[in-house]
Amino acid sequence: MKVLKFGGTSVANAQNILLVEKIVKKESSENRVVVVVSALSGVTDGLISASESASAKNENYSETIKTLEEKHLEFVKNLLPITEQSSWLSFVKKNFNDIEDICNGIYVLGEFTPRIKDKITAYGEFLSSNIIAAKLKSDGLDCVWLDSRNYIKTNSNFTDAKVNFETTNAALQTYFKENKQQITLAPGFIASDVDGNITTLGRGGSDFTASIIAAAMKAQELQIWTDVSGMMTADPRLVSNAKIIHKISYKEAMELSHFGAKVIYPPTIQPVMDKNIDLWIKNTFAEDDFGTLISHTKTENDNNVAVGISNLSKVALLTLEGSGMIGIPGVSAKLFQCLSQEKINVILITQSSSEHSITVAINESDVEKAEKALNYAFEDDLKLHKIDPVKVEKSLAIIALVGENMKSRSGVSAKLFGGLGNNGVNVRAIAQGSSEKNISVVISDKDVKKAVNVLHEEFFESEIKQVHLYICGVGNVGSKLIQQIYSQNKYLNDNLLMNLRVAGLTNSTKMVFNDQGIQEEEFKDALHNGEPSTPHKFAEEIINRNLRNSVFVDVTANAKVVDIYEDLLKKSVSVVACNKIAAASDFENYKKLKNLAKNHSSKFFFETNVGAGLPIIGTINDLIRSGDKITSIQAVLSGTLNFVFNNYDGSRTFSEVVRQAQKEGFTEPDPRLDLAGTDVARKILILAREAGYQLQFDEIENEAFLPAKCMEGSVEDFYQSMTEYEEHFRKLLEEAKTEGKILKYVADFKDGKAKVGLQKISPESDLYHLYGKDNIVIFKTLRYSEQPLVVKGAGAGAEVTASGVFADIVRSV
């Protein structure tokens with residue numbers, strides 16, 4: 001014998017019933033089968049809604065009943081031959097007249113008890129099962145309808161009745177011994193107590209009915225037919241890459257279902273587990289799919305540490321704590337007895353080793369009742385200040401990682417907590433059974449999607465790490481960066497097991513987001529049509545989306561953008577900055593940002609602040625981490641100034657050379673920002689700080705070579721002043737030539753002091769042979785004391801700067 005159960009979606013309409021019939025025919029051709037069905041989709045909720053409306057004196061209950069009646073009448077018309085419809089249409093109308101009579105009574109009395117609720121809701125399964133049985137018989141199948149209420153016996157705990165298995169098993173065994181039809185069709189969910197009152201089996205009751213029958217008859221297998229192809233590694237509504245679990249043990253399935261996996265409910269598993277009956281989860285709409293097999297055998301792949309992740313939302317924590325609990329027996333017993341008396345289910349338990357506190361997780365809907373009951377139960381202890389009032393935390397969720405193989409593997413917990421911690425998911429409570437099949441953590445409800453995706457990636461998608469990028473600034477560097485990301489992503493997938501996804505973009509006025517990624521060819525149009533943006537609005541949206549492995553990329557020179565770094569780092573969003581304002585700001589702010597990154601498991605990288613794509617800051621970090629100490633730095637750090645002085649040879653005016661530099665994109669819109677040395681001063685400041693020195697910007701000596709008048713007025717006034725002071729610039733050039741030297745704008749750091757200014761460089765210096773827009777940095781350290789360490793190369797340009805940002809992004813994850 002096989003038992004087949006079909007859920008509400010499977011019997012939603014006549015078309016679906018044809019699929020059900022096809023499956024039943026196939027199974028019954030070789031086996032005797034029992035078919036258990038749920039009510040038509042939405043009917044049970046509709047019946048409850050009508051009853052509640054009646055009890056609330058809302059006359060709309062009649063309209064709800066009429067709608068449900070029409071649904072069943074249409075079901076009959078679409079399902080049965082016209083010659084058989086009359087009696088079944090009358091059957092439907094009679095039962096809905098009874099339903100309306102009951103609701104009229106509820107309306108008059110204003111009373112809606114659990115007993116009446118069970119009587120009303122039982123009509124859903126009763127009606128649908130009778131009509132479907134009639135359909136199978138009309139098609140010539142050897143089918144008989146079984147009234148589950150007469151054989152499944154329970155106590156009188158209405159809406160969630162407990163089964164008397166001894167009586168039930170005996171009744172079912174007698175029935176099937178006396179009745180030999182090939183197909184027995186029964187309603188799920190409904191039963192009766194010893195007095196014949198209708199009861200229901202609670203959540204997942206139709207599955208439970210099927211399991212009860214399968215266990216009583218020691219069936220070959222139980223098949224639960226639903227609208228998905230089995231249990232999955234995670235909720236597919238949260239995790240797009242969730243996978244079907246093809247084989248799983250009873251205990252693993254029990255753990256997953258207990259913590260929220262909705263495909264199957266815990267009570268369903270127990271009866272068949274006790275009788276070692278295989279349980280299949282199958283898809284009515286894809287009958288050839290393997291589905292999920294639940295049995296006593298080991299999981300499909302013994303190399304997998306875990307089999308799945310489940311999540312349960314709308315959870316609250318209750319914490320009882322106080323010095324009066326330490327060493328006092330019976331406190332826990334009193335707590336659980338109190339909750340039991342109030343019929344409050346405890347989902348998770350954790351207790352401090354000092355016995356100072358005990359925490360339990362319950363459904364959020366039970367919080368008010370639980371808090372009141374516990375404070376009353378411990379009233380005397382509260383008055384004596386031995387125990388504090390119950391502490392309540394709401395808006396929480398439980399994430400459970402499940403797998404029998406976890407008990408034989410080290411590092412599972414570290415991997416779990418590391419993944420959550422690196423993504424800023426705070427764990428409020430932890431529970432792990434001694435069997436080590438389950439590690440459960442309580443987190444904020446708003447972090448559920450991120451947490452489940454993080455753990456799914458860690459345990460089921462280790463081959464590829466999904467990274468979400470939010471890029472601020474899409475000018476020359478930003479556009480080049482986006483191009484590099486898309487052109488290099490295949491290499492990152494294949495070699496670094498990483499996938500970069502541009503999930504958000506913003507410029508000075510607009511922003512656009514797409515969790516699935518903004519395509520390269522679409523980003524300009526998407527941004528043009530985006531919504532109004534400010535740096536703070538962009539940051540708020542990043543935080544609200546709360547995606548795993550998030551990186552914010554600042555490719556601007558905007559001081560307002562720097563203001564959002566702190567908020568992002570606190571939410572474990574890594575920051576990659578081309579913008580040098582933050583790292584060159586007040587030393588305390590610089591340290592605060594570095595510490596925030598460290599304390600919130602995020603990264604704050606800014607390699608391109610100095611030397612574009614050159615590995616200058618990275619080199620400093622490597623030297624310091626290896627135990628070396630930097631004693632001096634000499635550098636040419638401005639591609640602009642290097643270009644200007646490499647091209648100023650007296651054949652053209654200084655003003656003309658600067659104009660060329662601006663035209664070719666080597667300067668800021670106002671070239672004075674480069675020529676005044678402010679940018680170079682910031683860069684040497686950043687290098688000194690990264691080398692471990694506490695230095696402020698105003699402590700850097702800046703030896704200006706521009707006459708003061710050049711700094712006045714507009715940009716055009718600046719060019720006019722330079723023309724007027726051409727003799728000043730030519731004199732600087734000639735003095736250097738006379739000495740056989742060239743001019744370079746140099747940054748120096750030594751003995752804890754820094755300065756920037758124009759210097760005459762002799763041919764034997766490493767700074768002499770520096771061409772175009774190249775930068776050079778010369779480090780002297782304890783280890784590199786005689787022969788310095790030199791980093792040299794292109795220090796400006798959109799392409800190389802974007803590549804430096806790209807490298808920081810890859811390092812940040």
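## Helix 10 against helix 11

Helix 10 crosses helix 11 in a right-handed sense. The model is a predicted one. Two packed helices are described by the angle between their axes and the distance between those axes. Here the angle is about 135°, and the axes of helix 10 (residues 331–341) and helix 11 lie 10 Å apart. That angle makes helix 10 oblique to helix 11, because only angles over 145 degrees count as roughly antiparallel.

Helix 10 brings Lys334, Leu335, Cys338 and Leu339 to the contact. Helix 11 answers with Ala370, Ala373, Leu374 and Ala377. By class, the contact of helix 10 with helix 11 has 7 nonpolar residues, 1 charged residue and no polar ones.

## Alanine 377

Alanine 377 sits in helix 11, which covers residues 367–377. Setting aside residues up to four places away in sequence, alanine 377 touches Lys334 and Cys338. Both belong to the helix 10 side of the contact.

Alanine 377 is partly exposed, with a relative accessible area of 24%. The cut-off for buried is under 20%.

## Helix 2 against helix 5

Helix 2 (residues 43–55) packs on helix 5 (residues 114–138) at about 150°. Their axes are 8 Å apart. The angle makes helix 2 roughly antiparallel to helix 5. The crossing of helix 2 and helix 5 is right-handed.

From helix 2, the contact uses Val43, Thr44, Leu47, Ile48 and Ser51. From helix 5 come Lys117, Ile120, Thr121, Tyr123, Gly124 and Glu125. By class, the contact of helix 2 with helix 5 has 5 nonpolar, 4 polar and 2 charged residues.

## Helix 4 and its cover

Helix 4 runs over residues 82–109, 28 residues in total. From first C-alpha to last it reaches 41 Å, close to the 40 Å expected at 1.5 Å a residue. Glycine 110 follows helix 4, and its phi is positive, near 65°.

The buried residues of helix 4 are Gln85, Trp88, Leu89, Val92, Asn95, Phe96, Ile99, Ile102, Cys103 and Ile106. What covers these buried residues includes helix 2, helix 3 (61–79) and helix 5.

Key. Residues are numbered from 1 along each chain as its sequence is written. This is a predicted model: local features need pLDDT of at least 70, side-chain atom pairs count only at pLDDT 80 or more; totals for chains, interfaces and linings use all residues. Side-chain values use heavy atoms; hydrogens and water are left out. Axes are lines fitted to C-alpha atoms, for helices over the stretch in contact, and angles run from 0 to 180 degrees between N-to-C directions. Helices (H or I, at least four residues) and strands (E, at least two) are DSSP runs, numbered from the N terminus. Angles under 35 degrees count as roughly parallel, over 145 as roughly antiparallel, 65 to 115 as roughly perpendicular and the rest as oblique. A crossing is left-handed if the near helix is turned anticlockwise from the far one by less than a right angle, and right-handed if clockwise. Contact means heavy atoms within 4.5 Å. Ala, Val, Leu, Ile, Met, Phe, Trp, Tyr, Cys and Pro count as nonpolar, Asp, Glu, Lys and Arg as charged, and the others, Gly among them, as polar. Buried means under 20% relative accessible area, exposed over 50%, partly exposed in between (1.4 Å probe, protein chains only). The expected span of a helix is 1.5 Å times one less than its number of residues.
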